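Subject: Model handover

Hello,

My notes follow below it.

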Amino acid sequence: MTAALAATRLRRWGPALLAGVALLLAGAALLRTAWAGEPAEVLGSGLRRLTEAQYRATVADVFGPDIEVTGRFAPDLRSEGLLAVGASRVSVTPSGMEQYEDIARNVARQVVDPAHRDKLLGCAPGGRDPQGLQCAKGFIARIGLRLYRRPLMAREVDALAASTIASAQQLGDFHAGAAATLAGMLASPEFLFRIDAPAPGRGEIDSYSKASRISFLLWNATPDDELLAAAGRGELDRPEGLARQVDRLMASPRYRAGVRAFFTDMLQLDELDELSKDAVIYPAFAGSTAEAAREQTLRTITDLLVDRGGDYRDLFTTRRIAMNGALGPLYDIPVERQGWRFHEFPSGDPRSGLLTQVSFLALHAHPGRTSPTLRGKAIREVFLCEKVPSPPANVNFAVVQDVNNPTLRTTRERLHAHLDDEECASCHRKTDPLGLGLEQFDGAGQFRTTEREEPIDVTGELDGRAFDGAAELGRRLHDDAKVSACLVKTAWRYANGREARADDLLDLDRLDEAFAAAGYRFSALMRALALDPNSYRAPAEVHPLRGRS
Amino acid sequence: MAPLHAPKRTSPRGRCDRGGRAITRVGVIAVVGACALFSGAADAPTGGDPTVRTFVLSTLYFANPEEAGACKVYADGGLEAFYKMLPPAEQAKYATPDRRPALEAAMAAHFGFRRLSLQRGDFGGRALQAKLPPWFSPETPRTPEAAREIGALNGFPKGRGSFAYQNQTVAYSACTNPEDFPALAKGFKTYDGARAAGLDLDGKVARDDFVAPDGRRGVDNQLWRAIGCIKIFDEQGDAKVAAKTLISARAPTVIEIRGVTDPRNDPEVAVDIYAAADPVLRDARGGALARASFAIDPNPRLHAATRGKIVDGVLTTEPVDLLLNFREQIVDAPREIRGARLRAVLKPDGSIEGTLGGYYTLRSFYSSVEQMTQNGANLSGVNCPGVRRAIDRLADGYPDPRTGRYTAISSSLSFFGVPAFIIGEAGGRLAEPRS
Amino acid sequence: MTRQTVSRRRFMLRGVLGGAAVGVALPFLDAFLDGKGEAVAATLGGGRLPVRFGTWFWGCGMIPDRWVPKTTGVDYDLPPQLAPIQAVRGHVSVLSGFDVVLDGKGNLPHISGNTAVRTGAPADIWQDIRAPTFDVLISDAIGGGSYFRCLDLSADGDPRTSYSFRNGSSLNAAVPTAAELYAKIFGPDFHDPNKADFKPDPRYMVRRSVLSGVTERRRSLEARLGAADRARLDEYFTSLRELEDKLALQLEKPPPAEACIVPQAVPEGRGDLTDVATRKAHHQVMARLLAMALACNQTRAFNLSFSTAASDLRQTGDTTGYHQSTHEELIDRKVGYQPTVDHFATRNMEAWADFVGALAAVKEGDGSLLDNTLVLAHSDVSYAKNHDVTGIPVMLAGRAGGKLRPGQHIRASGEPISRVGLTVQQAMGLPVEAWGVDAMRTNRPISEIFV
């Protein structure tokens, strides 16, 4: 193909091409105006990519904890504050595919190695099965049920088994052939994505899809053998059967992992993995601190909400907090060096509630200083479900004075400039007063009462109600009805993997009322979500060119 | 759902009953408040007990009163002293630095040094296949008698032989037996400046007392006179260097000050000095991690209690006998310091900086020198016979009632410390402290 | 160079259809490929040596008064922030005065600028970005002949620092460390193009046939999904197909690459990558590895981000980093600019000079690797203090196999920056006449840079 020929073709076809494209563009513009006001893409949640944590948990459950999962996973996407919602938006990029295949081959290699093959394959070619075809079929059917979270059809098993034998012949080794097939299954979309299958004629998803839903909600893991068997017997399609399984899952120690996964997502604790602080300014914030802070918050939460069946709202006022040796220096208290214990701060102590924990304070701050704006924004978005818009781009920051200005010694004074400009104030009024209430905790979460020898003023107000300091702010959140409603909405979005639509609002209201009636016990909410029949409706087919069907 | 273990209470230090004895005045309300914080189910508040200030010492060092290099001519190390004893023709053979190992070997040969490895296999140097007595095993206690017996079996000079190098060898050298090598001690240069760091220990201003860098007179620090012109002490005595160095981090010292109602002025506080059972940890900057928690070594010999007062932010204490852990590389030589006093500043950032003055027993000080081994002394420029003779000559404290000879020498150690917490039930507190 | 089969790539003009994320293949564009589906670009420049394309990104722009040269044409002057490129100025063209035209849309800080530069269309919200970035379009066209269609890299240790995507939820994650880059390129799957003996490895055949078995499930899966989810599944299968093609390539003897020298293994690094000195050192290692990956024909397309758009660069011990300084540092009255910001802006240009130098250092053919490459460097804003997306700094480096004349300063007066995107696509042989959406749509390439 020479450039000249290309040019000729362009000249001949170019105008037609342009006209065609123009037509398409015009059509698109029309469509766009017809749908103005609607979200451009109607999100389903019938195709959800496994998160890295779920992938790892599945491999451990199916093949045992000593199988190593090594490799770099494509980053999970946080959408509207939740990775669970992002899972419904992402697909797999080319480099992501490459990585999944790599990880899959590594896992498969270990599964068939001499140390594991007896336990995990349990058979080999020989005797009446000289090529190993029967062995392969058995292995594929058994593993396929766990990996695809549904039973494989006979022809699927046959095709995969045939492929195993073919690969074995090419590689000269049955186990290598089995590993190749297994790697393919681990790279398949039916493993990587949780796909909802409709139950024909019933207007809801099938029982294996339900099993997936409740298992990932309550354990953040793939359905176990018992749950799959119950699905196979049709028990999940009857309310009592579903309830029995839900109660079994919630009574298991694995339920705590599910609760931890939810709060990790809601509080964005996964971002602690990447958090670093300036070593000179916060020398007590060492390598293991971020991880310890994350673990601290999760242990505190499971202790209150799972072990003690407590009131969710008490998270904002609790003085009982998990503590270990790495965190003692930051909290300025004596702690044994080894292991975890619970520390109860005395009444009146500045530490009380989630907002005074290092995982919250250090995450929403800069490497070398605090950020009341970031902390206030986090409170609004995470705990009150209020969206704070992004700053306008043509902001004139000249009014914000520099850190070394001798007349503006404290952060509060510097941020006050935000409130002088009406354009800035409209958003900053929502965030800064909240964050400034936490200003006695520095960028690493350490407590101090003065900043540059000035006492720190921690008064503020939350939607008209005044507070003085972090403990009181915690009490305001405890008493605010929006906080519990926001938790319900967040948990709902987490369970369903999508944003709420107009026809979901009734459901949310109902769940809200039930949550309050149950004394705001988190487990009651989880149970209600797992049993909510609305979650199991088959997704309506939405086609933009024909309207809702 | 498996319940968690029942929550244990951390045992807060500075319990109200203990702190109470020091409080007589206005501070009562603060103490009562502190007690209230401890009542009920609560553990320590943020910041711990406000009437208790605890510190872990990151470094303890002999402070140089001047800039490094003020001692114009350094004292010769043992190796240099030997070199100077050689005729010029011999000296020429060892003139360059690469000839140093040969010089060390020559010195060892000349003086008949011995170093006998007790391990299987040779670890270099002049180790020979050791002849060991039949009763000897790795568990045999390392007594001086045992060392001499092994020495006798292996041709050591009569009555000589000492365990060295963390009990992995039996040695005979100018460091194990400095008294045998007077020639090396000859001409050992001591410090003759007018200033030294330290405290007035005997309440007198005598002729051989020093003047402190801040002008105080009557400072008793004969140990500095003995070692102040040795190069490594001169260099390591620089406060800026010491502030960044961790000394004895594996076995640090903890100081707890209780009954503090006003950190600027308090007429009576209780001061306890402990050995920590946990090491000092490093922070992200490489310095000592502040506000870490330490368990205490229960050995009562390592615990001392005394009283003190704070005036304008400076703490001073009554004298008390101390035994402080000192473990650094191959040296494990606890410091026995008699009649020790503290003088320290409690800084606004929560750290402490100060001086510990007292009479360092000759035996425990020399042990730290001897444990360097001849090899280590050569590397550090230390002249063991010179040091031994100097401290014997300059000793000025605690005469032996039988012989009349002084057993300790006035000294001063400076220190830096960061805030810390004490945890656990095991503390010298439960045993009778030495006072 | 032996011909490599290229899978037909149907150009999915998703973004053009706005409302629905339904991909539409325009089969008539295949007319611009020859019968075997070999992309035009592969033979650009006349011959043996492939022409490579890449982008280099840095965050927080520059200070216009101290960056934009005063003179135009060749032998342009080097203001203080551009001074670091002195040694490589002959390879580098500077383009100034090209704007992102927001046309009423909001300016999302550190998002609108870079996405508009790359997609030719500003977007109000992240989810609205549907068009692929031009580097994806280019690598789709030219990347088929090498093991990796494209290499996405970031020097800051974060795989999310990437400005290459097919749509708003399909970011091409970056390889974030030098050690990983080494393992990816020169690890166990590396085929040394200059090794004498070659035997196709049956393991690649097996892997390929296993993956094609996965593809066979496509129909039945698609049947039960809604439109939006179908499109996502589509993307999965496109990626799968690309992997199959890569494996097919491994079954063929690679063409010799004269400039290829396998470098030493790179160990895991330590240190704080937000510190600017550490970042620069790490970046330099990555640049050299990338240069050798290009010379060894492991890829023909790349994207390297030196820092993220809201640049996280700092100096250890400073409470305020680069990004915060751009907003909060006062202009020093004595010198007339923000000193800390100036410091970091200059460091960025030093890193750019390192990068150009790394490519120029590899001898290839009659010249250097850089002569057979086109690199587009840009930032997300011009003056970061105001998130100004007018006059976003752009630089080009390399001759693209002789097609371009480097070393000029071309100043536009407020023209849409999509002209730059259009120009580089045309330089790489893409059959595109016009590019961009709405107010940023243009059909005028920057002809001055062509020979």
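Start with a strand pair in chain B. S2(B) and strand S4 (residues 169-172) of chain B run antiparallel and share four bridges. Pairing here needs at least two DSSP bridges between the strands. Helices (H or I, at least four residues) and strands (E, at least two) are DSSP runs, numbered from the N terminus. Within this pair, B:Ser117 faces B:Thr169 of S4(B).

Some conventions. This is a predicted model, in which local features need pLDDT of at least 70 and side-chain atom pairs count only at pLDDT 80 or more, while totals for chains, interfaces and linings use all residues. Residues are numbered from 1 along each chain as its sequence is written, chains are lettered from A and ligands numbered from 1 in the order in which they are written, and side-chain values use heavy atoms, with hydrogens and water left out.

Contact means heavy atoms within 4.5 Å.

S13(B) and S14(B) pair antiparallel over eight bridges. They form a hairpin with five residues between them. In the turn, B:Gly350 has a positive phi of about 95 degrees. B:Arg343 sits opposite B:Thr355 in S14(B). On to the next pairing: S14(B) and strand S16 (residues 406-423) of chain B are antiparallel, with 10 bridges. There, B:Tyr359 has B:Ser410 as its bridge partner in S16(B).

How enclosed is strand S14 (residues 352-361) of chain B? Nine of its 10 residues are buried, so the rest of the structure largely encloses it. Buried means under 20% relative accessible area, exposed over 50%, partly exposed in between (1.4 Å probe, protein chains only).

B:Arg341 lies in strand S13 (residues 335-346) of chain B. It counts as partly exposed because its relative accessibility is 26%. Beyond four places in sequence, its contacts include B:Asp200, B:Thr317 and B:Thr355.

Chain B overall

Chain B has 13 helices and 16 strands. Of its 435 residues, 51% count as buried. Mean pLDDT (the predictor's confidence in each residue, from 0 to 100) is 85 for chain B, with 86% of residues at 70 or more. Over residues 1-40 of chain B, pLDDT is below 50. It also stays under 50 over residues 426-435 of chain B.

Cores

The largest nonpolar core has 105 residues; A:Leu218, A:Phe263, A:Tyr312, A:Phe383 and A:Phe522 touch the most other members. Its largest share, eight residues, comes from helix H14 (residues 289-307) of chain A. Another core lies apart from it, with 102 residues, among them C:Phe134 and C:Leu304. A nonpolar core is a set of buried Ala, Val, Leu, Ile, Met, Phe, Trp, Tyr and Cys residues joined through side-chain atoms within 4.5 Å.

Best regards
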